[in-house]
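These are my notebook entries on one chain, written as I looked things up. I kept the terms and their cut-offs beside each entry.

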Amino acid sequence: MGSIIRPLGLLGGILLAGCSPEGAERTEEAIPVVAETVRLLPEQTRIEAIGTARAVTSAQLFPETAGRVTRVMFSAGDYVQSGQPLLELDARQERLAVDAARVQVREAEQLLGRYRRIEDTGAISESQIEAGETALDSARVALQQAQVALADRTIRAPFSGHIGLTDVDPGDRVSDATAIAQLDQRSRLYIDFPAPEEVFASLREGQVVEAVAFSEPGTTRDARIISTDSSITNDSRNFTARAEISNSDDRLRPGMSFRVTFTRNNTSRPSVPEEAIVWGGEGSHIFVVRDGKAVRVPVTITSRRDGQVLVDGKVNARDRVIVKGVQKVRDGQAIRLVRPTRVPAEDVELRPSGQYEAGNDGG
């Protein structure tokens, strides 16, 4: 019977040895992990709006006076220079008025000249000389008025730019309410777009936004904010912002629609790599390193950006978050920080096509 007791005692000793404190220490061996320092980044809100373009300088051209059109001196799409004549009205009466005014000026000059020659003889009074001077001034003013009336019979470009379509032809009668054509200086464009009230303080002059024309969905252009409206509309709670965009390639037109996007920096939040996030039954959490142990910290993801996630939780900027080995640790687990390993690039030998290793005949 003693022979039976001895094997049982030996088995009990083995079981006790497996439950000894030394065995417990081995199960609590520190887990190697890689950790990174938490960074604070501003949370960004991306805002989109639809804007409409207009030329930096634009004018609808109208005649100064009524009359019959004698010549149209432009075609739609022409680039015209400032002061270039665009349209002429019948000006026969105005030319006659200018000629008559010139005659009146010459007569007044001749009369005043005669008065000056006999002024010293006492044959003429001072009041007669003054009357002659006044008559000459009046004649000159009448000439200027006649010249202005004649100039108004020709419509000229008020600035350089591209002119649009016209419905006016020679022989048409027009008035000062008849639209001749639209003239645009479109080397630069303004884009007016509505922005929500909450970004009024952050959208400032000089800020760059992205503008994509609906006609060019694959082309993004930089537009610079030049001004914002001074009030908020009551119905939509928006305000109008104006951005300026270059159109040096002349591919854009006034009236085009643009999708305008910009970002607003909000409150700074802790930023951690995406691989540091662990999902469980209670939601998402991360493990931070504190006193050589992994501490579980519940977090809420607020946004994502370029492989990083911004989180809301009890995380400090000086904390170190576990990014590799996170699946092996638990709350309170002892950890050991290691540096991330880099996989060395393998040497690859390139051979020309058709060259085989020695002894490999394909058989």
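I began with burial, for which I call a residue buried under 20% relative accessible area, exposed over 50% and partly exposed in between, using a 1.4 Å probe and protein chains only. The model is predicted, so I note that local features need pLDDT of at least 70 and side-chain atom pairs count only at pLDDT 80 or more, while totals for chains, interfaces and linings use all residues. Residues are numbered from 1 along each chain as its sequence is written, and side-chain values use heavy atoms, with hydrogens and water left out.

**Entry 1, overview.** I counted four helices and 19 strands in the chain, where helices (H or I, at least four residues) and strands (E, at least two) are DSSP runs numbered from the N terminus. Of the 363 residues, 30% are buried. I then looked at contacts, meaning heavy atoms within 4.5 Å, and found that among those with a separation of 6 or more, 74% join residues 24 or more positions apart.

**Entry 2, aromatic pairs.** I searched the whole structure and found two aromatic pairs; rings of Phe, Tyr and Trp (its six-membered ring) pair if their centres lie within 6.5 Å, and planes under 30 degrees apart count as stacked, over 60 as edge-to-face and the rest as tilted. Phe-193 and Phe-262 have ring centres 6.2 Å apart and planes at 50 degrees, so I recorded this pair as tilted. The pair links distant parts of the chain, with Phe-193 in strand E9 and Phe-262 in strand E13 (residues 257-273), 69 residues apart. Phe-193 counts as buried at 1% relative accessibility, and Phe-262 counts as buried at 5%.

The other pair, Phe-200 with Phe-239, is edge-to-face, at 4.8 Å centre to centre and 80 degrees between the planes. Phe-200 sits in the loop between E9 and strand E10 (208-213), and Phe-239 sits in strand E12 (residues 238-246), 39 residues away. I noted Phe-200 as partly exposed, with a relative accessible area of 30%, whereas Phe-239 is buried at 1%.

A nonpolar core is a set of buried Ala, Val, Leu, Ile, Met, Phe, Trp, Tyr and Cys residues joined through side-chain atoms within 4.5 Å. The largest has 22 residues, and those with the most contacts inside it are Phe-193, Leu-203, Ile-245, Phe-258 and Phe-262. Strand E2 (39-61), E9, E10, strand E11 (221-228), E12 and E13 each give two or more residues to this core. Leaving aside neighbours within four places in sequence, I listed the contacts of Leu-203, among them Phe-193, Ile-225, Phe-239 and Phe-262. A second, separate core of 17 residues includes Ala-59, Phe-74, Ile-155 and Val-174.

Is Arg-186 buried or exposed? Arg-186 lies in strand E9 (residues 181-196) and is buried, with a relative accessible area of 12%. Beyond four places in sequence, its contacts include His-162, Asn-247, Asp-250 and Arg-253. I followed Asp-250 to the loop between E12 and E13, where Asp-250 is partly exposed at 25% relative accessible area and has a positive phi of about 55 degrees although it is not a glycine.

Asp-291 lies in the loop between strand E15 (283-290) and strand E16 (293-305) and counts as exposed at 80% relative accessibility.
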